[in-house]
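Please open the model in your viewer and keep the sequence panel beside it. The tour moves from one selection to the next, and each stop says what to select and what is found there.

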Amino acid sequence: MTPYEILLPGITLLPLVGVTILLIWRDASKRKAAIVGIISEGCALIIPIALLTALRKDGAVYFSMPWIPNMGISLSLELSWLSLIFLLTEVLVTLVAMIYSLGEKKGEKHSNYYYALLLLFSLGMSGTTLSDDIFLFFIFWELMLVASVLLIIVWGDGEKRFGVGLKYFIITHVGSLMVLVCLVTLFVNFGTASLSVLIMNASTLPINLQLFMISFFLIGFCVKMAIFPVHIWLPDAHTVAPMPVTIILAAAMLSMGAFGVLRYPFALFPLENIQPFAIWMMIAGLVSEVYGALMALAEKDIKRIIAYSSVSQMGYILFGLGTLTQRGMEGAILHVVYHAIVKAMLFMVVGIIIAVTRERHIYKIGGLGKKFPILCGCAAIGILGISGMPPLGIFNSEWLIFAGGFDSGVSITLTVITLLGSVLTLVYGLRFFGKIFFGPMKPDRLAEKSPRALLFPTIAVTIFLIFEGLAPATLLNWAMRSLSGIIGGIR
Amino acid sequence: MNTGTFSIILPAVILIVGAFLVYLFSRFFRLRNRLIAILTVLILTATLVSLVMLYLQVPEFYHSPNNFFGLSEPGGIIYRPNALGVFILIVAIIIGIMITLYSAEYLSRDPRFVTYYPLILLTLAGLMGMFMSTNLFNLFLLTELTTITASALVAFRFQQEIAIKAGFKYLIMSSLGTMTMLLGIYFVYRSTGSMHLDQALAQSDSFTRIGAACFLLGFSLKAGIVPLHTWVPDVYGHAPSAVSGLLAGVLSKSMLFILPVISLRLGMTRGELGGYLMLFACFNMLVGSVRMLKQSLYRRFLSFSSIAQTGYLMFGLGMGYYFDLDQAFTASVFLFLVIAVMKCLAFLSAGMYQFYSGSQDIDGLRGIGRLMPGTAFSFSVALGGLAGIPLLAGFTGKWLIFSVALVTGDRFAILCLVVFMISTLISLGGYLPTLVKQYQDPSPEVKELLTRSPRAFRVSHWMLVPVDVLSLLVIVMGVYPTPWINLAENIIRWMLI
Amino acid sequence: MLDLSYLIILVLFCVPLLAALLLGLIRRCSAKWILGFETGLMFLGLVGLGVLGEREIATSLFFLGEEITFSVTNMPILLFLSALTTLVVMFWHYGKKDPLLTRFHSILLSLSFSFGLIALLSGQFMIRYIAIDVVGLLAAMMVLTSFADIFALKGFIIIFQVLRLGDLGLLAAILLMNHYTGTLEISEMISATTILPLNIRTWIYFGFMLALLIKLAIWPFGIWLQKAGECAPGIPFWISGILTPALGYYLLYRILPIIHSELIFVNLTLYIGLGLYLLVLLVKSLRLVRVDQFTNMSGLLNCFLLAALAINQNPDFLVFYFIGLIFYRMTLVLQTLSRRLNTKVLFALVPLAVNGIFIGVNFADYPFQFSAGWVMLTLLTVMWDIWAIRQGMPDDWQPFDLLREEPSVGVPPDEELVPVQQSSQLKESGWIQDGVYRLTGFMGHIAEWVYDHVEMRLDASWDLLGQKLVHFSELTWHSVEIRTIEKTGQLMDDALKSLQAHERNVLKRSLRWDLAWIPMMMVIILIMLFVF
């Protein structure tokens with residue numbers, strides 16, 4: 001066993017150590033609990049970076065240990081380029097959210113549990129990206145759900161949080177069950193739970209079974225991605241959850257759906273079998289994009305506006321995946337990363353606005369620009385970023401996604417409509433921005449300064465966004481490598 | 001005269017003798033509740049040890065003809081152990097130990113604890129006989145023993161009218177079930193001239209088949225198969241929680257394992273039996289999960305969930321018979337173990353709530369997590385396990401059932417699987433709100449309790465220990481199911497069906 | 001090896017960026033001097049580039065897997081130089097008076113230098129698109145002066161959204177071309193596109209057309225330019241008024257091969273140009289406000305341009321035409337913005353001169369009818385221009401209250417249509433003039449009607465569109481998001497309530513109902529055993 005292989009489980013074990021410390025340390029103050037959380041999450045960030053050399057050399061790092069041998073289930077983890085991108089995104093977002101949470105008022109009580117659950121949430125996502133065993137995958141997949149539901153229910157806003165948490169759990173669970181059906185079918189047909197073995201063999205299944213599984217996988221993962229008809233859990237869950245949880249939910253967890261699509265149906269089955277679904281994925285993406293944007297336009301609650309924009313952005317990702325072309329999928333992967341950054345930033349801005357004004361209704365807020373110029377700048381960059389303004393990241397991914405749309409040859413009209421539909425993002429973005437930062441100053445009682453503990457991480461993320469947008473080469477390179485396993489050298 | 005191996009009958013002897021001893025001791029020496037409980041636990045531990053010894057001998061018995069106790073000549077009674085039966089009995093005894101420990105505190109407010117422990121011992125003894133006896137009449141008597149003792153236990157709180165009603169209902173319905181069995185015995189005897197199962201197998205005709213039907217009905221009733229489930233909510237909902245835990249966790253579920261043994265010996269085909277089980281499994285799953293949704297009393301709620309769980313188990317067993325799959329049996333045995341632990345845990349935790357807060361209302365659970373955080377945790381583990389959340393035992397069980405159903409690839413099985421999934425989903429709507437309620441803002445009653453004692457209740461260790469052990473088991477079986485699955489596989493390998 | 005041209009481009013790109021940074025961070029430095037320095041540097045650099053000659057520069061930089069290249073040709077250099085000249089003229093014109101140029105505006109102006117340069121010189125379409133998009137953003141941001149000004153905000157939103165819509169058209173065209181040609185190098189891409197199937201080319205053509213009509217601010221797509229003029233008069237207007245159209249001209253120049261690849265595109269362009277011209281004439285001619293006049297007249301000229309390009313065989317000559325247009329735009333800007341110049345009427349002759357020279361040089365290339373029509377239309381335009389300048393000049397004119405005061409100035413009914421001294425002359429000169437006079441009056445009525453019913457609405461249409469969109473999304477929001485959730489919740493509640501009622505009944509029910517199931521079940525089992 002090489003040292004790399006021993007390092008790999010550390011990504012999941014170190015947060016687990018943090019969780020254990022937090023569970024034992026009952027009277028930890030919020031600051032101390034947060035520091036434990038940040039340190040263990042930081043370790044989880046360092047390991048994948050340390051593994052980069054091994055990844056460059058071998059293309060993937062494996063770790064495997066028997067767990068339930070008589071069912072062919074093992075504790076096997078695999079770090080590939082694809083998982084690296086999602087893993088780093090998710091861990092970074094969690095770190096930022098944890099740092100941001102220090103400036104928030106939530107989680108003062110039982111803060112050790114709060115940070116333990118945040119760590120578990122992140123752990124669920126890292127496990128999802130890493131696991132090379134379908135049983136393990138599903139366990140992490142559900143862990144992420146359970147942890148987030150608990151966070152919403154215990155630390156959410158208002159009495160509505162219980163109902164919202166339940167709705168979130170049940171609807172997402174329906175998706176999970178659909179995924180589970182496919183996973184078990186795979187397991188039953190090949191008698192093993194190892195994903196790498198399944199990937200090699202899955203294309204030998206009868207074609208009807210493959211089509212059935214692809215559709216179930218897609219629908220199941222779309223629930224997680226909050227695509228139009230099944231997005232109903234998203235706005236409520238995002239609104240009610242405490243801000244750090246919202247950041248993780250929107251920026252990292254939604255994209256786990258995209259990861260699932262890439263890791264399961266796309267990797268398992270030959271692309272020509274997925275081809276019949278391409279147009280439906282693209283249409284669903286388009287509908288979701290337009291619908292999310294319209295809802296964001298209609299919404300009055302500023303947190304929900306940004307929440308609905310996630311529905312819209314996930315539409316782009318699904319569209320990119322649905323093109324089934326190299327560029328489209330690269331674009332989708334890039335979009336995941338950029339969307340994570342921008343969305344985290346926008347939610348952080350919203351958090352500051354709420355902290356400063358104690359208001360959430362957009363008509364009750366106005367004219368903040370003069371008093372909070374830095375906040376205004378961050379918000380402007382966020383809004384421009386999400387509407388695909390060139391030097392900022394999302395332009396890069398949208399470029400690739402739409403290029404993929406034309407490459408796919410499915411329908412020029414569809415791609416053109418999607419492309420023109422993206423102007424709607426600008427419409428709701430500018431409405432949000434203009435209403436909040438322009439006009440007469442509202443409400444009357446404003447805080448004097450925006451809280452620094454919230455502002456600094458926001459600025460850091462903003463700078464990171466600009467940097468990432470200008471230098472997408474590394475990321476693009478990773479995305480290309482991660483797709484090589486799925487579609488080989490098609491270009 | 002052939003007495004065979006005495007070790008086969010030893011556990012039952014210990015139980016029965018123990019029951020009388022406990023009764024006499026507590027009468028004469030006026031022992032306190034806790035002392036009797038400890039005494040009972042000792043007896044149960046002895047039984048457990050002897051059963052484990054028996055279990056270890058099972059591979060030997062498998063190969064030797066001398067694997068029974070009793071008279072092998074006509075009219076003689078024969079006890080013959082099989083691996084599955086012994087395993088189920090071990091589970092039953094372990095659950096019995098748990099509830100006895102639990103009762104040491106739970107019964108501290110009841111006056112009639114003297115009869116309680118012997119009744120539990122006798123119930124378990126009856127169960128033990130049922131799994132070993134190969135004589136139909138003997139089986140009938142033992143079933144009756146279990147029924148009567150159990151109904152006495154159900155109606156244990158005789159001051160409460162509803163408890164008496166529940167006990168009465170259980171008694172009447174179970175007796176009707178056993179009466180049907182008696183009818184069945186008549187048919188079998190008329191046809192074969194013997195009441196021995198092995199002879200019945202040799203010459204089965206339509207009369208024995210009618211007899212099989214009678215037995216099927218009787219055991220279905222005892223297992224709580226829809227539409228004969230109507231006694232279940234009343235009984236589990238109003239019996240003492242410890243008794244509910246025993247009944248729901250082990251007693252009624254184990255009937256599902258006796259049922260096929262008898263019916264197959266009496267000439268039913270595997271296909272018929274499997275079809276029956278799978279068909280009614282669907283009803284069980286649907287009825288249980290739908291009616292679970294809007295219950296106002298949490299123990300009644302748990303009993304409907306028990307009906308649904310019976311359905312899952314039936315589904316697994318049914319597939320095993322219908323498609324002749326060993327995997328299905330493995331899955332069912334594992335699921336049985338899991339359900340026994342989870343169900344018992346759920347009822348015991350619910351009993352703790354009732355014991356300390358005095359309310360049975362599901363709305364009274366609101367905010368109770370602040371009063372009893374430990375109990376809230378174990379109740380959550382139980383509900384989460386029942387709902388099938390990964391890393392808890394229930395998920396592994398469901399995964400197994402799932403995979404078996406897909407292995408068959410049969411249309412009927414897939415249809416049942418769909419029902420299974422729908423039922424899982426619906427039941428989420430039942431489990432989760434209940435789970436969440438514990439952490440919500442407190443209800444008026446809980447508020448009142450909170451004002452009276454602002455700190456959390458000091459829960460008795462007598463109750464806490466079994467509950468914690470069971471919660472730990474649920475988690476361990478979820479996280480590391482390998483040994484348990486291995487166990488189930490071994491049992492199926494040696495099973496004498 | 002480092003090419004000198006490459007070096008110059010880098011310097012010209014970076015210096016304004018640094019200057020913008022300097023202006024943003026250090027309060028003390030003078031915006032005027034820095035801008036002057038930048039402009040001078042740009043002049044020098046561009047001239048230097050021109051002297052070094054046309055060339056393709058391949059940098060070894062990659063963005064999104066595509067190499068960044070520059071293509072230096074004379075056309076964009078000349079365009080940018082003339083645009084810069086207009087800026088200088090505008091500075092000179094304002095002199096010591098307040099040029100409405102704040103520090104914020106100077107930063108934007110600096111940035112627009114760098115990105116304008118990239119947009120003109122980039123040899124690769126993605127980078128050019130990025131630069132064009134950024135310039136659009138800068139043009140929109142120019143109108144933002146204070147956080148309290150909602151009017152400016154509205155202007156910003158409209159300008160940005162409309163320009164972005166145009167850019168998206170451009171993006172669609174670029175991506176389509178890229179898909180079929182496999183390259184992003186502009187010249188290769190364009191030449192490869194000309195042999196694509198017709199339906200693909202139609203998509204590309206319409207994408208570019210959308211972009212062009214918006215970039216060149218041709219009525220009714222030029223609504224954004226009008227807003228820009230209203231909200232940001234003065235030197236800030238340079239970006240939207242002159243630089244953006246200049247980018248548009250160059251874009252048009254580059255895609256000429258696509259237009260000329262098929263006769264139908266040529267005709268389509270011609271018809272679009274002429275049709276829009278006539279429409280503008282009809283709608284706008286009699287009701288001119290000053291900013292209107294600017295967008296209007298430049299719009300007319302651009303229509304001409306479109307029409308001309310559609311026919312012209314010799315595109316290289318166009319550079320002079322473009323430069324003439326840029327200067328004409330400058331005169332219009334000055335004329336709208338200032339009261340000092342009394343020789344405005346002369347400006348109106350610029351289009352005549354431009355078009356005259358153009359047609360004179362290319363006379364041989366065109367059929368006679370076309371040249372004649374061309375001259376006629378030019379004359380008509382000039383006449384309108386002069387008339388408009390003479391008429392619409394209220395004394396109490398304020399830059400910001402344009403729309404609100406204007407209706408009283410607009411088209412008077414018949415008698416006042418023509419200035420008094422002219423009308424007396426008309427009366428004397430007989431029935432022809434009388435007829436013309438009546439005809440004009442009649443046209444005035446039509447125009448009045450169109451103005452009230454079309455133009456005013458068109459003006460408000462963007463707002464209306466926005467409102468409708470918001471309204472529509474709110475409607476959907478209510479009917480789909482909120483009501484569906486309520487309805488399903490209600491449905492679930494009802495179901496659960498009936499379940500609860502059932503439970504209550506069950507508790508009351510007597511035992512015999514439960515017992516009745518036993519024989520029934522027996523029957524079922526027996527049927528199962530013996531029938532099936």
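What follows is a walk through an interface, several salt bridges and a strand hairpin.

**Before you start**

This is a predicted model, in which local features need pLDDT of at least 70 and side-chain atom pairs count only at pLDDT 80 or more, while totals for chains, interfaces and linings use all residues. Residues are numbered from 1 along each chain as its sequence is written, chains are lettered from A and ligands numbered from 1 in the order in which they are written, and side-chain values use heavy atoms, with hydrogens and water left out.

**Stop 1: chains B and C**

Select chain B and chain C together; their contact (heavy atoms within 4.5 Å) takes 29 residues from chain B and 21 residues from chain C. Between them the two chains bury about 2,400 Å², 79% of it on carbon and sulfur atoms; buried area here is the accessible area, with a 1.4 Å probe, that two parts lose on being put together, summed over both. Within chain B, pick out B:Leu217, B:Arg291 and B:Lys294, which lose the most area to chain C and together account for 24% of what that side buries.

Next colour helix H6 (161-192), helix H8 (206-223), helix H11 (270-292) and helix H12 (298-323) of chain B, each of which supplies at least two residues of the side that touches chain C; helices (H or I, at least four residues) and strands (E, at least two) are DSSP runs numbered from the N terminus. H8(B) gives the most to that side, with eight residues. Sorted by class, the side of chain B that touches chain C has 19 nonpolar, four polar and six charged residues, where Ala, Val, Leu, Ile, Met, Phe, Trp, Tyr, Cys and Pro count as nonpolar, Asp, Glu, Lys and Arg as charged, and the others, Gly among them, as polar.

How many salt bridges are there between chain B and chain C? The count is zero, a salt bridge being a side-chain nitrogen of Lys or Arg within 4 Å of a carboxyl oxygen of Asp or Glu.

**Stop 2: salt bridges elsewhere**

Over all chains, a search of the whole structure finds 20 salt bridges. Select A:Arg263 and A:Glu78, whose closest N and O atoms are 2.9 Å apart in a salt bridge. A:Arg263 lies in helix H12 (residues 243-268) of chain A and A:Glu78 in strand E4 (residues 77-79) of chain A, so the pair ties together parts that are 185 residues apart in sequence.

Move to A:Lys300 and C:Glu474, whose side chains meet in a salt bridge of 2.8 Å, N to O. This pair crosses between chains, from the loop between helix H13 (271-298) and helix H14 (302-322) of chain A to helix H18 (residues 431-508) of chain C, and both A:Lys300 and C:Glu474 are buried.

**Stop 3: a hairpin in chain C**

Finally, select strand E1 (residues 55-63) of chain C and E2(C), which run antiparallel and are joined by six bridges; two strands pair if DSSP finds at least two bridges between them. The two strands form a hairpin with two residues between them, and C:Leu64 in the turn has a positive phi of about 50°. C:Glu56 stands opposite C:Ser71 in E2(C). Six of the seven residues of strand E2 (residues 66-72) of chain C are buried, so this strand is largely enclosed by the rest of the structure.

Definitions and conventions. Buried means under 20% relative accessible area, exposed over 50%, partly exposed in between (1.4 Å probe, protein chains only).
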